[in-house]
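Hi everyone, thanks for making time today. I'd like to walk you through a structure that may be new to you, so please have a look at it before we go on.

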Amino acid sequence: MNSLHLKSFIRCKRKAWLDFKGKKSYEVWSPHKAIDKINQFHIFSEFCNSELYTGLKACENGYKGVIGLKIKGNLFQNINAEIRPQLLVKTKGKSKWGQYKYLPAVYKLGHKITKEHLFDLAFSSMLLESFQESKIEIGLVISSFNGKVNVEEIYLNKKLRKKVLNVLLRLNECFEGFLPEITQDRKKCTICSWQKFCDKEAKENGYLTDIDGIGSKTASLLKTNGISDTQTLASYSEKQLGDKLSTFNDQKYEKASIFIKQAQAYISGEPYRISNKNDTSDLLEKTCSGFFIFDIESNPDDKHDFLYGFLKINNLFTKKEAHIYKPILNLKNNEGEAYRKIIEILFSKKQWPVLHYGETEKIAIINIAKNLNFSFEEIDSLASRFIDLHTLIRKSWILPLKNYSLKTVSNWLGFEWMQKNVSGAKAIYWWIQYQITGNEIFLKKIIQYNKDDCLATLQIAEYLIKNQLNKN
Ligand code: SF4
């Protein structure tokens, strides 16, 4: 077992097992991991004033920062372990290498120090102590805050070490057993490299957490009431189920009805229309004389929107090729220029609505308008042109899908991205690669991805409008 297995085990037992024993061909490359590694390297390099070297030789030479070291050791009888400290930082002391020693350090992305950080540090210190022949009292958590490197010291006390030993014993037991169940908290799965593999099994076995709106808490509430799979859920009546969902108070029958219909749609593969109000006929009316589709690519860790993409649709019923796509790159030193271009496009057709998927785009435009000192009235009138298709589709349809993300919905409608295995996270990865290398090929990939996002949004708009037309 190694540090990476321990990290996985804290998130999801099944992931640790799969990392150790799973068929690698079922695993999908995760851009999140790659982004993490790049960020990590930058911060560590800054923290060590670029005195960052690899491997054992670097320790022997006494460099300030050492990465890429793997240390093997024995934890308990017969259990071999390996640590892969993210970073070793030179400090005062005495070790087998001379009048200095090393402390383990980890990288932190968010604000909070989590179990993953603490356990990683404690595990590293346990094998590092005997390896360098020197005690370790503290470990470091390194992060970046407002562009500055931030360091927190963690006391690696006996209690923490004992906890880690217990977890490592459980990890060892896990490796000796069968593949663990899929985690109840499926939110964890969104950034996991085994997601496709687990999703397939969840669907085959009728997992309740496959139903949109059912998280781990609701799933266990349903299970204690004898409903353990989607088939059973789909067979219930609104009244029967609502009576079991008292935790939802006044909303219990409404929730019950949605869960049942969502389960029925998921099993049958057929969509279900939930609204007869004129939400979508309104969409037809608003878009008939032309509209924009708008989609942003952003890096949330940096709070930076790096690409704004517009698709100009004069007439919904003309060929896709007739629509004009305009990407606006927001390089950090030309923010004002990017904002000016965005406003220019939006005001080139003052009456046109702006269709987007999710709330991000509208929020971003309001912020840009504020930044440009627009009046309240101007901001209001601009914001009123935005139509969120994600909200609209959820209000009017129950789809036979696990979730209502742009990818899931548009894939179901038959839309395909030109580039394979793409995602918002991959676009961020390309953006980071572009910043490091300056290679325009990464920009091209991002722009193609964003254009496809706009076309996917268009496909959803078409679905909403055409189904309304068919009904009439
Ligand atoms: S996809 Fe989910 S259940 Fe499967 S290994 Fe990853 S986190 Fe665990």
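Let me start with how elements are named: helices (H or I, at least four residues) and strands (E, at least two) are DSSP runs, numbered from the N terminus. Counted that way, the chain has 19 helices and 15 strands. Please keep in mind that this is a predicted model, in which local features need pLDDT of at least 70 and side-chain atom pairs count only at pLDDT 80 or more, while totals for chains, interfaces and linings use all residues. Residues are numbered from 1 along each chain as its sequence is written.

Now the overall picture. The C-alpha atoms of the chain fill a box of roughly 80 × 60 × 40 Å along the principal axes. I'll call a residue buried if 20 or more other C-beta atoms lie within 10 Å of its own, exposed if 12 or fewer, and partly exposed in between, with C-beta atoms placed from the backbone. Of the 472 residues, 32% count as buried. Two residues are in contact if their C-beta atoms, again placed from the backbone, lie within 7 Å. Among contacts with a separation of 6 or more, 63% come from residues 24 or more positions apart.

Let's turn to the ligand. Which helix gives the most to the shell around the ligand? That is α2, with three residues. Both α2 and α7 (195-204) supply at least two residues of this shell. A residue counts as near a molecule or strand if its C-beta atom, placed from the backbone, lies within 6 Å of it. The residues surrounding the ligand include Cys12, Arg14, Lys15, Leu18, Trp194 and Cys198. By class, there are seven nonpolar, two polar and three charged residues in the shell. Here Ala, Val, Leu, Ile, Met, Phe, Trp, Tyr, Cys and Pro count as nonpolar, Asp, Glu, Lys and Arg as charged, and the others, Gly among them, as polar.

Staying with α2 (residues 13-21), its buried residues are Arg14, Lys15, Ala16, Trp17 and Leu18. The buried residues of this helix pack against α1 (3-11) and α6 (158-176).

Next, the sheets. Two strands pair if DSSP finds at least two bridges between them.

Four of its five residues are buried, so β5 is largely enclosed by the rest of the structure. Two bridges join β2 (residues 65-67) to β5, running antiparallel, and Gly65 stands opposite Val89.

Inside, nine bridges join β10 (residues 291-299) to β11 (residues 304-313), which run antiparallel, and Ile296 stands opposite Tyr308.

Why look for cores at all? In soluble globular proteins, nonpolar side chains tend to be buried together. A nonpolar core is a set of buried Ala, Val, Leu, Ile, Met, Phe, Trp, Tyr and Cys residues joined through C-beta atoms within 7 Å. The largest one here has 89 residues, and Leu233, Phe292 and Ile460 have the most contacts inside it. Helix α19 (residues 440-471) gives the most to this core, with eight residues. Another core, of 19 residues, lies apart from it and includes Ile296 and Trp430.

One last stop is Pro400, in the loop between β15 (397-398) and α17 (406-412). Is Pro400 buried or partly exposed? It counts as partly exposed, because it has 17 C-beta neighbours inside 10 Å. Leaving out residues up to four places away in sequence, Pro400 touches Ala265, Tyr266, Ser268, Gly269, Glu270 and Pro271.
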